[in-house]
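Please look at the sequence and the structure before reading on.

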Amino acid sequence: QVHLVESGGGLVQAGGSLTLSCAASGSLFSINSMGWYRQSPGKQRELVATITSSGSTNYVDSVKGRFTISRDNAKKTVWLQMNSLRPDDTAVYYCYGDLLRRHWGQGTQVTVSS
């Protein structure tokens with residue numbers, strides 16, 4: 001039983017920045033992989049970024065050089081630093097954490113205006 005709580009979404013102008021956070025609670029076990037998906041109306045769910053417990057990261061091509069994923073293993077928290085935001089980054093962002101199965105955050109809305 002793991003709960004993931006997200007925060008940090010909001011409205012930002014194109015070219016601006018936001019940082020999303022996702023904190024896990026409810027389990028004594030460490031979490032292996034964590035990451036972020038996003039979902040926008042009319043588009044399929046997209047895996048944005050992942051990070052392993054050792055710090056290895058992967059990004060979808062469209063955010064490389066603009067987004068940075070990081071984590072604190074002791075806090076069981078993952079962040080997504082989003083810079084140079086574009087209107088097509090607008091979506092609901094969902095974090096996940098892998099323990100015995102994949103657990104999901106509640107989602108946080110990111111809206112980028114132009």
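The text below covers the fold, the surface, the disulfide and a few residues of this predicted model.

**The chain as a whole**

The chain contains eleven strands and zero helices. Reading along the sequence therefore gives the pattern β-β-β-β-β-β-β-β-β-β-β. The radius of gyration is 13 Å, close to the 13 Å that the globule rule gives for 114 residues, so the chain is as compact as a globular protein of that length. Along its principal axes, the C-alpha trace spans about 45 × 25 × 20 Å.

How much of the chain is buried? Of its 114 residues, 42% count as buried. The chain exposes about 6100 Å², and carbon and sulfur atoms supply 50% of that area.

Among contacts between residues at least 6 apart in sequence, 53% join residues at least 24 apart.

**The disulfide**

A search of the whole structure finds one disulfide. It joins C22 to C95, with an S to S distance of 1.9 Å. C22 lies in strand β3 (residues 18-25) and C95 in strand β9, so the pair ties together parts that are 73 residues apart in sequence. The torsion about the S-S bond of C22 and C95 is about 55°, so this disulfide is right-handed.

Are the two cysteines buried or exposed? C22 has a relative accessibility of 0% and counts as buried. C95 also has 0% relative accessibility and counts as buried.

**Two residues with positive phi**

K76 is not a glycine, yet its phi is positive, near 50°. K76 is placed in the loop between β7 (67-72) and β8 (77-82). Its relative accessibility of 14% is under the 20% limit, so K76 counts as buried.

S84 is not a glycine either, and its phi is positive at about 50°. S84 sits in the loop between β8 and β9 (91-98). At 41% relative accessibility, S84 counts as partly exposed, because that class lies between 20% and 50%.

**A residue in β10**

Where is R102 placed? R102 is in strand β10, which covers residues 102-104. With a relative accessibility of 29%, R102 counts as partly exposed. Leaving aside neighbours within four places in sequence, R102 is in contact with Y37, Y96 and G97. R102 and M34 are 68 residues apart in sequence, while their C-alpha atoms are 9.1 Å apart in space.

**Accessibility of the residues discussed**

The table gathers the accessibility values from the sections above.

| Residue | Relative accessibility | Class |
|---|---|---|
| C22 | 0% | buried |
| C95 | 0% | buried |
| K76 | 14% | buried |
| R102 | 29% | partly exposed |
| S84 | 41% | partly exposed |

To locate these residues in the structure, start from the strands: C22 is in β3 and C95 in β9, and R102 is in β10. K76 is in the loop between β7 and β8, and S84 is in the loop between β8 and β9.

How values were computed. Residues numbered from 1 in each chain as written. Predicted model: local features only at pLDDT ≥ 70, side-chain atom pairs only at ≥ 80, totals over all residues. Heavy atoms only, no water. Helix = DSSP H or I, 4+ residues; strand = E, 2+ residues; numbered from the N terminus. Buried < 20%, exposed > 50% of the residue type's maximum accessible area, 1.4 Å probe, protein only. Rg over C-alpha atoms; globule rule 2.2 N^0.38 Å. Contact = heavy atoms within 4.5 Å. Areas by Shrake-Rupley, 256 points an atom, 1.4 Å probe, with all protein chains shown as cover. Disulfide = S-S within 2.5 Å.
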